[in-house]
Each structure stands twice: as C-alpha cells, then as structure tokens.
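Have a look at the picture first, then go through the points.

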Amino acid sequence: GAGTGLTPVGRVGAPRGAEATAEGFYFWVPEDRLIEKTQLVYVDSPAGPTNVRFYGLVSEVFRRSRRADMLEEADRFDGRPEEEVPIESRGVTYAQVRLLASQPNVFSPPREESVVYPAFEAEARIAYGVEEMDQPVVIGLVRNGGDAVAGPAHIDLDYLLGAMGGHMNVTGIAGVGTKSSFLTIVLQQVLR
C-alpha cells in the first residue's frame, strides 16, 4: 500500500448501483492504467475502528461512457461511423472485484475512495489461504490478468485426501483435454 512504491491501479467507488459489499466492490481506473479480468488486487481501508487489507479478484472490467443509451452514442456521430467529433468522450473504465480474503478477517466492505493496488505472489498466497494450509501442493499457476501469473497455485492435501474432505471438482469445456491433463498433473503431484 502507501509507501511501498507501487503504482495504484485505481480507487474504490461505491455509487448507487455499484455499492461495495462484504462480497465485493468496484473501482475506477485512470486512463493510463490497465486492469484485466482475473487480475488480483488489494485495498487498505478502514472498517469501523480497524484498518483492514482486503484481497480480491477482478471478476469483470467495464467501460462506461457518459451517454444514457446507445441512441445517444449514435447521435453523437450523427449516425455516421466515419464522422469525427472534436470533443473527447470522457468515459470511465471500472472493474468489479470479488473479495477473497481480508486481514484481519472481517465481513465488511472497503470504503469508497480507498486506493487499489495490484497484487502479486505474496498477496496471492494470503488471498488463497496458502499460509493456513498444513499440506500445500502446487497444482499450477495463479492467473493474474491476460499473460501474467502471481506465482504457484496450491491445493491443501487435507481437503483433497480426506482429513477435511476428500473431493475435487474440475470444470471446463468438453473435448479439449485440459481437464484430464490437469487431473493427471494433480495425481502426479499427490503421488509424488
């Protein structure tokens, strides 16, 4: 957060219709920054008397113009796509975040105007609870946007092998071989 030298990716916004909740929040992004779906972020924000670090996953990125509907969008160019308009659109890019974890563990949203920072491997480990796993096993990589990764992805063997469960569900598109390849890798890691 503040003082880390990281460039923020935006600030939390909580207008009507995009309120922050204990499950997620929205933040706006300046024009010179890129935010991507699946990117990890964190926010330092007060929650009551406590300062909390919230960790989240960008579940969607939106672009919103200042026009009310598509008719106004077309009218701006007089219905002619080749037309140029001298006045800048001044829309906004904003992202929806699903909260994964917080330190301390609170069920409350971050406050509006809180600064949002990009998260990397250290934050991913906290967000996905790797430090609380008794027997973490690497099963892949954590996606962090289109091409970036935030370190190894772990699963807790206690959940996979019966001490705290005993089940794994793998979903995906039929017929492309990624589910069976993934399960082969997981089985190899478990046997190793």
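This is a predicted model: local features need pLDDT of at least 70, side-chain atom pairs count only at pLDDT 80 or more; totals for chains, interfaces and linings use all residues.

1. Residues are numbered from 1 along each chain as its sequence is written, and side-chain values use heavy atoms, with hydrogens and water left out.

2. Where does S65 sit? You'll find S65 in the loop between β4 and α1 (70–76); helices (H or I, at least four residues) and strands (E, at least two) are DSSP runs, numbered from the N terminus. S65 is buried, at a relative accessible area of 18%. For the cut-offs, buried means under 20% relative accessible area, exposed over 50%, and partly exposed in between (1.4 Å probe, protein chains only). A polar atom of the S65 side chain also lies 3.2 Å from the backbone nitrogen of R67. Setting aside neighbours within four places in sequence, S65 is in contact (heavy atoms within 4.5 Å) with E73, S89 and G91.

3. E73 has another partner: its side chain meets that of R67 in a salt bridge, 3.8 Å from N to O. The rule for a salt bridge is a side-chain nitrogen of Lys or Arg within 4 Å of a carboxyl oxygen of Asp or Glu. Of this pair, R67 is buried at 15% relative accessible area, whereas E73 is partly exposed at 25%.

4. How many salt bridges are there by this rule? The count comes to eight. One of them pairs K37 with E60, with the closest N and O atoms 3.3 Å apart. K37 lies in the loop between β2 (24–29) and β3 (40–47) and E60 in strand β4 (residues 50–64), so this pair ties together parts that are 23 residues apart in sequence. Both ends are partly exposed: K37 has a relative accessible area of 45%, and E60 comes in at 28%.

5. D78, R80 and E83 are linked in a network of salt bridges. Within it, the side chains of R80 and D78 meet at 3.1 Å, N to O. D78 is exposed, with 54% relative accessible area, while R80 is partly exposed at 34%.

6. Now for the strands. Six of them close into a barrel in the order β1-β2-β5-β4-β3-β6, with antiparallel pairing; two strands pair if DSSP finds at least two bridges between them. Strand β1 (residues 10–13) pairs with β2 over three bridges, in the antiparallel sense. Along that pairing, V12 stands opposite F27 in β2.

7. Finally, the whole chain: four helices and eight strands, running β-β-β-β-α-β-β-α-β-β-α-α from the N terminus. Its radius of gyration (taken over C-alpha atoms) is 21 Å, well over the 16 Å that the globule rule (2.2 Å times the number of residues to the power 0.38) gives for 192 residues, so the chain is more spread out than a compact globule. The C-alpha atoms fill a box of roughly 65 × 50 × 30 Å along the principal axes. Of the 192 residues, 32% count as buried.

Notes
A polar contact is a pair of N or O atoms within 3.5 Å; within protein, one must be able to donate a hydrogen and the other to accept it, and residues adjacent in sequence count only if both atoms are side-chain atoms.
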